[in-house]
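Reader: I would like to learn how to read a protein model feature by feature, with the cut-offs stated along the way. Could we go through it together?

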Amino acid sequence: MPSKLEDELFPSTPGKFKIERAHTMNRQFHRCFSSTSTMFVWALLLIALTASYLSLQSFLDTGSRYFSASWGGIQWEKQVRNSAQTHRNGGMSVLVTGAAGFVGTHVSLALKKRGDGVVGLDNFNDYYDQSLKKARKSLLNEHGIFIVEGDINDAKLLDKLFDVVVFTHVMHLAAQAGVRYAMENPQSYVHSNIAGLVTLLEACKSANPQPSIVWASSSSVYGLNDKVPFSESDRTDRPASLYAATKKAGEEITHTYNHIYGLSITGLRFFTVYGPWGRPDMAYFSFTRNILQGKPITVYRGKNRVDLARDFTYIDDIVKGCLGSLDTSGKSTGSGGKKRGPAPFRIFNLGNTSPVTVPTLVSILERHLQKKAKRNFVDMPGNGDVPFTHANTSLARKAFGYKPTTDLQTGLKKFVKWYLSYYGYNHGKPVI
């Protein structure tokens with residue numbers, strides 16, 4: 001009979017089964033562990049490959065944006081900072097949107113001339129001749145004003161600009177202009193005048209410190225109002241065009257941002273601005289071109305053949321109103337997107353206060369061009385135009401001393417002189 005010691009050293013058959021079962025379990029465990037380890041290694045490898053791919057893709061995307069975008073980089077940031085530097089005590093650092101536009105160019109030059117820092121932003125769209133915008137850009141560059149080519153709907157660009165420069169003010173002039181074009185391309189008005197405005201306001205409300213904002217509304221918001229002269233307290237809930245409706249929407253949107261986020265906001269209702277470097281789609285501009293080329297001009301008339309009248313306002317008077325608004329804008333009160341107290345919210349008319357009929361405008365142009373116009377009188381179509389405009393500017397006069405000084409005769413003389421020089425005319429004929 002086996003001894004007790006032998007039983008302990010050499011277990012019985014059931015014990016043998018336990019040992020074999022244990023060995024089997026160990027082998028299965030090792031296989032499982034080996035299989036799990038292999039899967040784990042493969043998983044790690046897959047994660048590493050995915051991360052490498054994403055990193056490469058990000059690098060390529062970044063590189064693509066770097067080479068394709070017209071903004072960004074050390075040199076670009078240096079140009080932005082240099083342009084934003086002030087050169088007078090208490091000077092402003094102003095971001096001017098639509099800087100290569102008609103009003104934007106003149107306002108930028110005036111700010112720079114008095115020692116303020118100016119950075120321009122413009123998307124150079126093709127609404128009218130881009131060569132004219134490029135020429136304005138060259139003029140601004142000659143005066144040390146850097147223009148960033150980009151869209152106000154580009155939130156990343158706006159954030160970058162506010163990161164590079166602490167702007168004290170924003171002069172928002174970028175917009176899709178024109179009453180009649182809205183019938184051809186309505187989406188462009190929503191894109192620029194509403195979506196673009198909101199994108200800009202979002203950037204401003206998040207900036208620290210928040211800038212004060214002055215922006216261009218329009219006299220078009222008065223729409224079908226027949227009370228004259230037009231005052232800021234008059235009804236503006238009956239727009240006659242999509243353009244007017246987007247500008248009215250802008251006034252409501254800016255009020256919301258002022259109320260919620262403490263942004264200081266001033267809206268300016270411009271009345272038919274004209275002058276050198278103007279917009280080719282404006283009547284005085286196209287009239288001048290057609291008169292010189294011997295082509296007929298279309299002069300619209302209202303009901304019962306009543307002549308249309310406009311409160312034509314020379315660009316220098318508009319510029320004075322813009323600068324006066326910036327100087328008296330007050331400060332925004334928000335920080336980090338949160339309102340700390342009430343901030344100014346203002347709306348002003350900027351006009352000449354002396355409406356002139358369109359036939360009278362044509363007669364003045366004929367005198368300065370020394371050439372008769374071939375007039376073609378047509379009833380005003382239902383395209384959003386209104387029969388007359390007339391500004392009451394008493395609020396602007398009280399707030400910052402606004403007083404227009406240039407009559408239409410004098411202003412058109414200056415415009416014609418510029419036009420003949422810019423387009424190379426000599427004694428009424430283009431220089432070839």
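**Reading the model**

Author: The secondary structure of the chain comes to 13 helices and 15 strands, where helices (H or I, at least four residues) and strands (E, at least two) are DSSP runs, numbered from the N terminus. This is a predicted model, in which local features need pLDDT of at least 70 and side-chain atom pairs count only at pLDDT 80 or more, while totals for chains, interfaces and linings use all residues. Residues are numbered from 1 along each chain as its sequence is written, and side-chain values use heavy atoms, with hydrogens and water left out.

Reader: What percentage of the 432 residues count as buried?

Author: Buried means under 20% relative accessible area, exposed over 50%, and partly exposed in between, with a 1.4 Å probe and protein chains only. By that criterion, 47% of the 432 residues of the chain count as buried. As for contacts, which require heavy atoms within 4.5 Å, residues 24 or more positions apart account for 81% of those in the chain with a separation of 6 or more.

Reader: Which residues touch the most other members of the largest nonpolar core?

Author: A nonpolar core is a set of buried Ala, Val, Leu, Ile, Met, Phe, Trp, Tyr and Cys residues joined through side-chain atoms within 4.5 Å. The largest such core has 64 residues, and V103, V107, M171, F270 and Y284 touch the most other members. A second, separate core of 31 residues includes F162, A174, L200 and L201. Returning to M171, and leaving aside its neighbours within four places in sequence, its contacts include V94, V107, V214, L268 and C322.

Reader: How should I read the packing of α4 and α5, and at what angle do these helices pack?

Author: Two packed helices are described by the angle between their axes and the distance between the axes. Axes are lines fitted to C-alpha atoms, for helices over the stretch in contact, and angles run from 0 to 180 degrees between N-to-C directions. Here α4 and helix α5 (residues 130-142) pack at an angle of about 5°, with their axes 10 Å apart. The two helices are therefore roughly parallel to each other, given that angles under 35 degrees count as roughly parallel, over 145 as roughly antiparallel, 65 to 115 as roughly perpendicular and the rest as oblique.

Reader: Which residues of α4 meet α5?

Author: From α4, F102, T105, S108 and L109 meet R136, L139 and L140 in α5. The residues of this contact divide into four nonpolar, two polar and one charged; Ala, Val, Leu, Ile, Met, Phe, Trp, Tyr, Cys and Pro count as nonpolar, Asp, Glu, Lys and Arg as charged, and the others, Gly among them, as polar. T105, found in helix α4 (residues 102-113), is buried, with a relative accessible area of 1%. Not counting residues up to four places away in sequence, T105 also touches A99 and A100.

Reader: How far apart are the end C-alpha atoms of helix α11?

Author: The expected span of a helix is 1.5 Å times one less than its number of residues. For the twelve residues of helix α11 (residues 358-369) this gives 16 Å, and the end C-alpha atoms are 16 Å apart, which agrees. The buried residues of α11, among them V358, L361, I364 and E366, pack against α9 (283-293), β8 (296-301), β12 (356-357), β13 (374-379) and α13 (408-422). In α13 we find Q409, which is partly exposed at a relative accessible area of 31% and touches I364, R367 and H368, not counting residues up to four places away in sequence.

Reader: What is there to read in the backbone angles, and which peptide bond from N208 is cis?

Author: Most residues other than glycine have a negative phi, and most peptide bonds are trans. The peptide bond from N208 to P209 is cis, with omega near 5°, and P209 lies in the loop between α7 (186-206) and β5 (212-216). The bond from V228 to P229 is cis as well, with omega near -10°, P229 being in the loop between β5 and α8 (242-261).
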